[in-house]
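Colleague: I would like to learn how to read pockets, ring pairs, salt bridges and backbone angles in a model such as this one. Could we go through them one by one, with the general idea before the case?

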Amino acid sequence: MHRRHLLAASALLAAPAIPRAAGAQAAVTMRLSHQFPPSHHNARVMQSFAEDVAARSGGQVQVQVFPAEQLARAAENFPGVARGAFEAAAAVNFQWGTTLPEMNAVTIPYLFTDIARIRRFPGSDAAHFLEGLLERRAVRNLMWLYTTRQSIFTSNRRPIVNLEDFRGLKIRGLNALTDHALTAVGAAPSSMPGPEVPQALQSGVLDAGLTDLSAAVSRRFYEIQRFGTVAPYFSVISHVYVNPRWWGGLSAAHRGFIEAAARKAEQDQMTVTEETAAAAVGELRARGMTIHEQTEAETATWRAAMQPPVVEAFLRMAPDGGSRVMELLRGIPAA
């Protein structure tokens, strides 16, 4: 079924967002829209979440997962859930852009990439702060899905190891916020969607790439790039949110099944993401790429040059809550 037909059907079925009569125990369906392809580790965890909900509820609650924008495009997910056209969706934190600029905090270079602290993010004061901001936008957060904390800088002429190696490079950027880090070290970033990067590298539009480790494997960077530098550059945390009216209309038992499965999915995602990253490094090496894993001294040097301009831009973007969310993230203990 085409996406437009699915959305039309969803609009007709928006009535479940209206609270049911007390004591009603009819079967519940939760449609979950997201952009990730089925093979992506986020998609696999969300599918396991759906199966877990069904098992816990004895089939009373069914989560129907629509990957790869089958139900709605990424930009349509928030308005679709907020108005009740479907019950749930997933987003990458930085997709909130200027709508909720505080959600960009974890993408500040080297601010929040320690795995021990990331493991403590769900349920933390920082997470609760961001959940409060989401509620003001008429959606209720259900779970946080840690997606990556390691990036790979790829090149063909020479490895990118020292800050001087960035000078004059036409490099793939990510967004207007994080690109301040690249311009600060003399690179010329050009923001573009991930699927377009391999062709841009092949044609010479870009000299260097920047992507997630697993994407470097799935997009076959090893066929067009000789060198890769792996760095704990920034984190990406995806999340699943639901329509508050629909959520409020569920029975306590049904909410309990979903929340229990969500808490498990959050923890499962930690292991899956780390294992996926480790496997990707091995795969890139096996495919012939020369991989350099950034040392602590190199990390400190890059942080000192790249983080301050992004922090400055972030605080301009998020004048109300930017300082607070950074403080809360830094306050999450590492041990």
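Modeller: Let us begin with residue classes, in which Ala, Val, Leu, Ile, Met, Phe, Trp, Tyr, Cys and Pro count as nonpolar, Asp, Glu, Lys and Arg as charged, and the others, Gly among them, as polar. By that division, the lining of the largest pocket holds 15 nonpolar, 14 polar and 5 charged residues. This is a predicted model, in which local features need pLDDT of at least 70 and side-chain atom pairs count only at pLDDT 80 or more, while totals for chains, interfaces and linings use all residues. Residues are numbered from 1 along each chain as its sequence is written, and side-chain values use heavy atoms, with hydrogens and water left out.

Colleague: Which element gives the most to the lining of the second largest pocket?

Modeller: Helix 3 (residues 74–83) does, with 4 residues. That pocket has a volume of about 160 Å³, and its lining, which includes Phe78, Trp96 and Tyr241, has 6 nonpolar, 3 polar and no charged residues.

Colleague: How many aromatic pairs are there in the whole structure?

Modeller: A pair of aromatic rings is described by the distance of the centres and the angle of the planes. Rings of Phe, Tyr and Trp (its six-membered ring) pair if their centres lie within 6.5 Å, and planes under 30 degrees apart count as stacked, over 60 as edge-to-face and the rest as tilted. The search of the whole structure finds 11 such pairs. One of them, Phe153 with Phe166, is edge-to-face, at 5.7 Å centre to centre and 85° between the planes. Phe153 belongs to strand 5 (residues 151–155) and Phe166 to the loop between strand 5 and strand 6 (170–173), 13 residues apart. The rings of Phe166 and Trp302 have centres 5.1 Å apart and planes at 70°, so this pair too is edge-to-face. Because Trp302 lies in helix 11 (residues 296–317), the pair ties together parts that are 136 residues apart in sequence. Phe166 and Trp302 are both buried (under 20% relative accessible area; exposed is over 50%, partly exposed in between, with a 1.4 Å probe and protein chains only). Ring pairs join Phe153, Phe166 and Trp302 with Tyr110, Tyr233 and Phe234 in a cluster.

Colleague: Where do Arg31 and Glu87 lie, and are they buried or exposed?

Modeller: A salt bridge is a side-chain nitrogen of Lys or Arg within 4 Å of a carboxyl oxygen of Asp or Glu, and the whole structure has 14. Arg31 and Glu87 form one of them, at 2.4 Å from N to O. Arg31 is in strand 1 (residues 28–33) and Glu87 in the loop between helix 3 and strand 3 (88–92), 56 residues apart, and both residues are buried. Arg149 and Glu274 form a salt bridge at 3.0 Å, and these two are buried as well.

Colleague: What is the phi of Tyr110?

Modeller: Most residues other than glycine have a negative phi. Tyr110, although not a glycine, has a positive phi of about 65°; Tyr110 lies in the loop between strand 3 and helix 4 (115–119) and, at 6% relative accessibility, counts as buried. Arg220 also has a positive phi, near 55°, but at 41% relative accessibility Arg220 counts as partly exposed.

Key:
1 Å grid on protein atoms, 1.4 Å probe; cavity = no way out; pocket = protein on both sides within 12 Å on 5 of 7 lines; lining within 4 Å. Points joined across faces, edges and corners; volume = space filled by probe spheres on them. Helix = DSSP H or I, 4+ residues; strand = E, 2+ residues; numbered from the N terminus.
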